[in-house]
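Trainee: I'd like to learn how to read charge pairs and surface patches in a protein model. Can we go through one together?

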Amino acid sequence: MTAETSPPAVEPLEQFQRWTDLIGRGQQTMLEFMTREPAADANPDPFGMMATWQKVAAAAAADPAKLVEMQTRFMTDSLALWQSFLTPGADKPQVKDKRFKGEAWGEVPAFDLMRQSYLLASQYILDATANLDGLDARDKAKALFHTKQFVDALSPSNYPLTNPEVLKATIDTGGENLLKGLDHLLDDLKAGRMRMTDETAFEVGRNVAVTPGKVVFENRLFQLIQYTPTTPDVFETPLLIFPPWINKFYILDLTPEKSFIRWAVEQGLTVFVVSWKNADASIADVTLDSYIGEGMIMAIAKVLEATGAPSTHTIGYCVAGTTLAAALAYLTAKGEADKVASATFFTAQVDFGDCGDLSVFVDDAQLDGIAKLTEGKGVLDGRYMASTFNMLRSNDLIWNYVVNNYMLGKDYLPFDLLYWNSDATNVPALWHQSYLRDLYRDNKLIEPGGISVAGVPIDLSTVMTPSYVQGGKEDHIAPARSAYRISRILGGPSRFVLAGSGHIAGVVNPPSQMKYQHWTGPADAPTLDAFVEGATEHKGSWWPDWMAWLAPQSGAKVPPRVPGEGPLQAIEDAPGRYVKERI
């Protein structure tokens, strides 16, 4: 152990008393928690891991020679690693994994060997899983996903006695970091979710979701917000934004400098946003028909009523983009497609044949498990979905906080994006189950007539509405390859833009920050790979490209529309009541 990590000079009796007090306080904290917490209902295998392991074991047993070969190569590489540590001056591989970025991991040979041995073993385990024969594509994807969860959980960085930074903090603070971390852990268990930020630092309507506006309509599914204009005139065609109802809308209205909504208003657009109801028993009967009819079609009608415009631009983000495509096909079938001037899709999917890691959560066993979770409740607890999304990036969104919050006992830092990420929403169970079954599992939306809305069979290829499709290069929820398919499936003219970063940062990227990049390319490329091959890279945000595409389709300039002064009366100030409902 280095001089920096040497224990403070204290008398043995004083040190013994300190640790005795620490242990006693920890035991008392746990006792108080256990006596006040009721036993929670638990699904012993909520993500279908046991069934996956059984298939993996059977596949491995069917080819023992391959397993022996892998073990032999692993032993050879392990011996080479040991030899490098025993040879003075030998070159050692550079470790770029940010879990091990602390200097102590490289300065202390024992920890350096520990991390490199772990990385070697975990890579062999993942490779062995990827090369298993006898599994179909879906089972292999599930096996890889769950194996990665397993090897990520076993990282030495996740345990106090094998993490040099935690050991140093424990010595420096006399163990107070562990006691503080225990307080954090028990508070999170009580809340039923892992906190990632100082949630007291933010309040919806005070320092997030603060763009001025009014709620001008509401029903049981949503509130419609109209924002106050800031330009001397506005485009005739308004803009209606549909955020996903599995999250809160203010991802598009965080702080003023990050707000897409505020920026769109500044471009001279009359902006409306749908703020969806946080699901409870009152909307337990809601299905896809409801979100299209009572939701999107109603919102479009109210925007046209409020502005007097013949049509409106629309944006659908994530699951709302999927549903917007279905709504456009429904309007087309009803002869009402001209109500929508254009459709923009933020990281959305309509073809779920290549939907990324989320596919591992969709099979009959998983669907049965979700049905049991929601039995007698009518809604799916939003914390379940939050956990699912966090598992897609477990090192960043789970284990990082286990180390910092529970072992190092660090104070929570204020971060608006993480506050939004923690503000989970419940969803109607009927809708959620049919969405997973009909779209993710059976991929019916791309089949002509595969899905009906209000009894009307729909066909996405009939949609001639001009579309702007945005995908995220590193999106792990709606992969760019899947998002690109929208531009090939809808029948009308389409522009695709590939944005740097992922599902959130790739969308919420204001021009003023000059972050990331985006690519534009040929409009007729049959695949994403072909698009990328012919694409041109541009620095910074894609928002100006979108506005340059939208403006020529937005009509003449007209006097600004002040919310509450037109046909729709103001109900309350933005952001409204619905978005403030928390689990």
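Trainee: Let's start with salt bridges. Which side chain does Arg 206 meet in a salt bridge?

Mentor: The general idea is that side chains of opposite charge can pair when their charged atoms come close. Keep in mind that this is a predicted model. Here Arg 206 pairs with Glu 203, with 3.1 Å from N to O. That passes because the rule asks for a side-chain nitrogen of Lys or Arg within 4 Å of a carboxyl oxygen of Asp or Glu.

Trainee: And are those two buried or exposed, or something in between?

Mentor: In between. Partly exposed covers the range between the buried cut-off, under 20% relative accessible area, and the exposed one, over 50%. Arg 206 has 47% and Glu 203 has 43%, so both count as partly exposed.

Trainee: Okay, next one. What is the partner of Glu 336?

Mentor: Lys 339, and the closest N and O atoms of that salt bridge are 3.3 Å apart.

Trainee: How about Asp 396: which residue does it form a salt bridge with?

Mentor: Arg 393, with 3.4 Å between the closest N and O atoms. Asp 396 comes out at 25% relative accessibility, which is partly exposed, and Arg 393 is partly exposed too, at 37%. Salt bridges can also share partners: Asp 97, Arg 99, Lys 148 and Asp 152 are joined into one network that way.

Trainee: How many salt bridges does the rule give?

Mentor: The count comes to 33.

Trainee: Zooming out, how much of the chain is buried?

Mentor: Buried residues are 51% of the 583 in the chain. The accessible surface is about 26,100 Å², with 57% of that belonging to carbon and sulfur atoms.

Trainee: And how many helices and strands are there?

Mentor: The chain has 19 helices and 17 strands. For contacts with a separation of 6 or more, 81% are between residues 24 or more positions apart.

Technical notes. Residues are numbered from 1 along each chain as its sequence is written. This is a predicted model: local features need pLDDT of at least 70, side-chain atom pairs count only at pLDDT 80 or more; totals for chains, interfaces and linings use all residues. Side-chain values use heavy atoms; hydrogens and water are left out. Helices (H or I, at least four residues) and strands (E, at least two) are DSSP runs, numbered from the N terminus. Buried means under 20% relative accessible area, exposed over 50%, partly exposed in between (1.4 Å probe, protein chains only). Contact means heavy atoms within 4.5 Å. Accessible areas come from the Shrake-Rupley method with a 1.4 Å probe; for residues, only the protein chains shown count as cover.
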